[in-house]
Amino acid sequence: MICRHRVAAALPAVLAAVALVSATAAPTSPAAAAPTEVTRAARQPACEGARPFDRRDFPGSPKVDNPFLPLRPGMRFVLKGTDSDEEETVARRVQITVTDLTKVVGGVRTIVVLEQDFTDGVLTEDEIAFRAQEANGTWVWELGEYPEEFDEKGKFAGAPSTWLQGVRGGLGGIAMPADQKHFRRAYLQAFAPGKPEDIIFDCARLFRTNQQTSVPAGHFRNVLVTEEWNALDPLEPHQLKYYAAGVGLVRVGVAGDQPGEKLMLTEARRLCRQQLKASSDHALRLDQRAYTNARGVFTANIPHAKRTLGVKPCGSSSRATGRR
């Protein structure tokens with residue numbers, strides 16, 4: 001997937017910090033999820049701008065209309081590019097679909113987003129993510145993920161990076177703050193304990209504002225660029241994400257032009273109800289499989305995803321909106 005980072009197992013200092021986190025009780029606030037021992041071990045900026053989570057801050061029916069990360073049911077985004085390291089470069093294609101499904105996570109009804117990653121034409125990650133926006137403002141939260149991973153031959157390899165807000169120490173974070181004044185400090189995106197190689201501790205900050213960028217889908221103004229990093233791995237390149245007002249994610253790059261994932265938006269359109277059905281049905285199947293493949297997180301008391309959001313039927317007026 002585009003945004004989830006995992007710890008490199010070859011870092012002794014990081015592993016020591018991970019062992020410390022795993023041995024402690026589940027934290028009760030985002031601030032508690034970033035102990036100073038872990039931050040010092042990683043030598044990375046702390047997520048000082050963590051926002052307290054309160055399920056009472058969210059509406060009963062989810063709506064995400066943050067100008068830089070709008071999640072309209074039926075929207076589909078396709079980004080294409082490459083992913084590289086010191087040894088090879090592979091073709092990458094990421095398809096993101098905002099479904100008409102919702103799921104209650106941490107007491108909050110979230111929108112289910114389907115993200116599918118293809119490497120050299122082979123599906124390597126198939127994921128559902130759960131996002132919601134506060135009722136009084138446009139703070140967008142990331143409240144959980146279930147990513148199925150596959151090897152280079154397309155064989156299922158597990159879902160070790162699964163996490164949910166409030167389950168086994170999982171803590172949600174900010175996918176997109178309400179406005180640019182809230183980018184003065186780094187903010188927590190997600191935290192989840194686990195095995196050393198699977199622990200999640202993601203942070204982000206504002207990188208640039210009021211930018212312009214050209215991608216195959218068009219030329220975009222008023223672009224916001226964020227910088228993301230794994231707080232436990234000082235050697236991992238920082239990722240840059242470009243968000244266009246009224247559209248959302250249009251480009252992915254790497255700080256310092258280092259090797260890594262580089263993608264550009266090639267397609268953004270809104271699907272009608274019948275066109276969306278296959279993706280939503282697929283997301284429902286992923287949600288169902290999570291109770292088997294990640295039963296330690298998706299426990300019996302976690303409600304299943306449901307189709308609750310309205311999408312226009314085919315034949316009615318429907319189009320993607322955005323500013324270019």
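Good morning. Strands here are DSSP runs of E of at least two residues, and helices are runs of H or I of at least four, both numbered from the N terminus. The model is predicted, so local features need pLDDT of at least 70 and side-chain atom pairs count only at pLDDT 80 or more, while totals for chains, interfaces and linings use all residues. Residues are numbered from 1 along each chain as its sequence is written, and side-chain values use heavy atoms, with hydrogens and water left out.

A salt bridge is a side-chain nitrogen of Lys or Arg within 4 Å of a carboxyl oxygen of Asp or Glu.

The side chain of D126 does make polar contacts with the side chains of Q116, at 3.4 Å, and H282, at 2.6 Å. A polar contact is a pair of N or O atoms within 3.5 Å; within protein, one must be able to donate a hydrogen and the other to accept it, and residues adjacent in sequence count only if both atoms are side-chain atoms.

R289 does have a salt-bridge partner: its side chain meets that of E148 at 2.9 Å, N to O. Because E148 lies in strand 5 (residues 140–150) and R289 in helix 3 (residues 273–293), the pair ties together parts 141 residues apart in sequence. E148 counts as buried, at 2% relative accessibility, whereas R289, at 32%, counts as partly exposed.

Helix 3 also holds D281 and K277, four residues apart, about one turn of the helix. Their salt bridge has its closest N and O atoms 2.6 Å apart. D281 and K277 are linked with D100 and R307 in a network of salt bridges. A search of the whole structure finds 14 salt bridges.

To close, I turn to the whole chain. The protein chain has three helices and 15 strands, and buried residues make up 52% of its 324 residues. How many residues does the largest nonpolar core have? It has 34, and I111 and M176 are among those with the most contacts inside it. Such a core is a set of buried Ala, Val, Leu, Ile, Met, Phe, Trp, Tyr and Cys residues joined through side-chain atoms within 4.5 Å.

Technical notes. Buried means under 20% relative accessible area, exposed over 50%, partly exposed in between (1.4 Å probe, protein chains only).
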